[in-house]
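Please look through the sequence and the three-dimensional picture below before reading on.

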Amino acid sequence: MQQLISRSTGRDLLRCRRCGTEFPEGRATTDGWHYACPTDGCDATGIGDGLKRLD
């Protein structure tokens, strides 16, 4: 059960590949499908391209 809890919290945190900012997944999307870095002036988009899920 502990492994499941760790996995779910790890998927909730993202890191921008361009500016390095870490933030909760909810700050990066408004619709649950399209993701963009919430940092002003950064234009990184997409899980896997511009944003990375932290384990």
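Two residues are in contact when heavy atoms of theirs lie within 4.5 Å. Among the contacts in the chain between residues at least 6 apart in sequence, 43% join residues at least 24 apart. The model is a predicted one, in which local features need a pLDDT of at least 70 and side-chain atom pairs count only at pLDDT 80 or more, while totals for chains, interfaces and linings use all residues. Residues are numbered from 1 along each chain as its sequence is written, and side-chain values use heavy atoms, with hydrogens and water left out.

**The chain as a whole**

- The secondary structure comes to one helix and three strands, where helices (H or I, at least four residues) and strands (E, at least two) are DSSP runs numbered from the N terminus.
- Read from the N terminus on, the elements follow the order α-β-β-β.
- Of the 55 residues of the chain, 27% count as buried, a word that stands for under 20% relative accessible area, with exposed meaning over 50% and partly exposed in between (1.4 Å probe, protein chains only).
- The chain exposes about 4,100 Å², of which carbon and sulfur atoms supply 49%; such areas come from the Shrake-Rupley method with a 1.4 Å probe, and for residues only the protein chains shown count as cover.

**The sheet**

- Three strands form an open sheet in the order β2-β1-β3, and the pairing is antiparallel; two strands are said to pair if DSSP finds at least two bridges between them.
- The edge strands are β2 (22-24) and β3 (51-53), each of which pairs on one side only.
- Strands of a sheet pair through backbone hydrogen bonds, either parallel or antiparallel.
- Three bridges join β1 to β2, and L13 stands opposite P24 in β2.
- β1 and β2 form a hairpin with five residues between them, and G20 in the turn has a positive phi of about 85 degrees.
- Strand β1 (residues 13-16) also pairs with β3 over three bridges in the antiparallel sense, with L14 opposite R53 and C16 opposite L51.
- In a regular strand the side chains alternate between the two faces of the sheet.
- In β1, the covered face holds L14 and C16, whereas the uncovered one holds L13 and R15.

**The cysteines**

- How many disulfides are there, if a disulfide is a pair of cysteine sulfur atoms within 2.5 Å? By this rule the count comes to zero.
- The sulfur of C19 has its closest cysteine sulfur in C16, and because the two are 3.7 Å apart, they are too far from each other for a bond.
- C42 is likewise in no disulfide, and the nearest cysteine sulfur, that of C16, is 3.6 Å away.
- C19 is partly exposed, with a relative accessible area of 37%, whereas C42 counts as buried at 15%.

- The side chain of D31 makes a polar contact with the side chain of H34 (2.8 Å), and a polar atom of the D31 side chain lies 2.9 Å from the backbone nitrogen of W33.

Conventions:
Disulfide = S-S within 2.5 Å. Polar contact = N/O pair within 3.5 Å; in protein donor to acceptor, adjacent residues only side chain to side chain.
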